[in-house]
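Have the view open as you read.

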Amino acid sequence: MPFLDIIVFPGLLFLLFLAFFCEWLDRKAVAKLQNRVGPKHTGPEGILQPFADFIKLLSNEDIIPAAVDRIMFSLGPILILTLSLMPLFLIPIAGSSALVWFEGDLIFIMFVMTLRIIITFLSAWSSTNRFSMIGGMRVILQMLAFEIPLTIAMTGPAISARSLSLSKIVQFQASEHLLLLAQPLGFVIVTICLLAELRMVPFDIPKAKTEIVKGWFVEFSGKKLALLRLTEDFELVLAASLMVSLYLGGPIGPWQTQSVLYFFTKLVICILILSNLRALFARFRIDQALKGAWKYLTPLALIQVILVELMPMVIP
Amino acid sequence: MSGFIFSVSLIFLLSLVFSASLYLIGSFIAPKSKNTSDKLAPYACGENLPAKKFQVNAERFFIYITYFIIFDISAFILTTSFGHGFYPIVFCIIILLAIVTLLPLWRREE
């Protein structure tokens, strides 16, 4: 595990580039679908716009309201950014094994995602504002509900590959077949759940701008808001790369070749799927979203797991 | 095993140092805020609402979290269940029946 790898190429700087690129791609795609122009002036086709936004927010005045719980309010954005950046090192990007991998890192990623939800709620609660509080409650209701079908559907690839490691799942897809072909239902469920975990438009209930003015983001400003925006970009990269490495084979190309370019192409396709869904739907109510998660997505995910288990018995 | 603990704590520390240094850079380049009482008031869309800690409805929240933990643990059991023949399928069917029967009952009690 050379140090330069962690800092530069499949590591920190590359992930930062991916995060800003994915935000640009998402904004541009949604703007094109809604017949707008989108980011245009900063750099070619506005590709530097997310970076410019980040620098601008970082250099803004940081207001800490008098009523907030100062320690948690300041620590919250740092911890959330840490927890959304950390699982990205476990994703196989450049080769068929990730920078850091061990048997069971899929469970580790899910654990980190759950921990992030709890810290989100704590920082919403610490900002002592009614909008933040409602937003924080909605975050914890929605994201914990969608965590369950997500976790159950993610066990499908793990059972097929007989391993709980993302790198092993990618290597299984290199030697056998893409898991998208075997488990299309699981791919659909994971896509919907990741859309909810990202709090993108059909599920943007926790930060609904027209109801509760950005929800739990309300009191954050300046550098804290910059860190939270960067967190959202990293979450987008994490969601798309989970889809890529669980179902589309990660950096594996045709004829057993491996390249970061294949990973990048598949990542772009996944981001386009997510932003297409984001432009297509209108916001659900919180009870509709929860009902959908518990009543439909969880049983469907279980049926997918049963099918995965039955498959080798029926077709030897 | 020790290698795994070392590498995971290394990436955790790296991410922590990265985000903390971004925070520090922000506090260096941002202008000092001139605090007025209006600026430090909680945001309330221009209405005059005082800051107040809101209580979470702990009873219903507790039921929800219990549901979450039960299903999360069952998902965890499923992930570690490969290679045991029919048992995971039976387990899946039990969870499926639990969802189908328990959720309407929970709704009726309210």
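This is a predicted model: local features need pLDDT of at least 70, side-chain atom pairs count only at pLDDT 80 or more; totals for chains, interfaces and linings use all residues.

1. Start where the two chains meet. Chain A puts 53 residues into the contact and chain B puts in 48 residues. On the chain A side, the elements giving two or more residues are α4 (70-85), α6 (130-161), α11 (223-247) and α13 (286-314). The top contributor there is α6(A), with twelve residues. Sorted by class, that side of chain A has 35 nonpolar, nine polar and nine charged residues.

2. Now look at α4(A) and α11(A) together. Their axes lie 9 Å apart, at an angle of about 20°. Angles under 35 degrees count as roughly parallel, so that is how α4(A) and α11(A) run relative to each other. The crossing of α4(A) past α11(A) is left-handed.

3. Which residues make that pairing? From α4(A) they include A:Ile78, A:Leu81 and A:Leu85, and from α11(A) they include A:Leu227, A:Phe234 and A:Leu238.

4. Finally, have a look at α7 (residues 166-175) of chain A, which is mostly covered, with eight of its ten residues buried. The buried ones run from A:Leu166 to A:Gln173, with A:Lys168 among them. What covers them includes α5 (105-126), α6, α8 (179-182) and α11 of chain A.

Technical notes. Residues are numbered from 1 along each chain as its sequence is written. Chains are lettered from A and ligands numbered from 1 in the order in which they are written. Two residues are in contact if their C-beta atoms, placed from the backbone, lie within 7 Å. Helices (H or I, at least four residues) and strands (E, at least two) are DSSP runs, numbered from the N terminus. Ala, Val, Leu, Ile, Met, Phe, Trp, Tyr, Cys and Pro count as nonpolar, Asp, Glu, Lys and Arg as charged, and the others, Gly among them, as polar. A residue is buried if 20 or more other C-beta atoms lie within 10 Å of its own, exposed if 12 or fewer, and partly exposed in between; C-beta atoms are placed from the backbone. Axes are lines fitted to C-alpha atoms, for helices over the stretch in contact, and angles run from 0 to 180 degrees between N-to-C directions. Angles under 35 degrees count as roughly parallel, over 145 as roughly antiparallel, 65 to 115 as roughly perpendicular and the rest as oblique. A crossing is left-handed if the near helix is turned anticlockwise from the far one by less than a right angle, and right-handed if clockwise.
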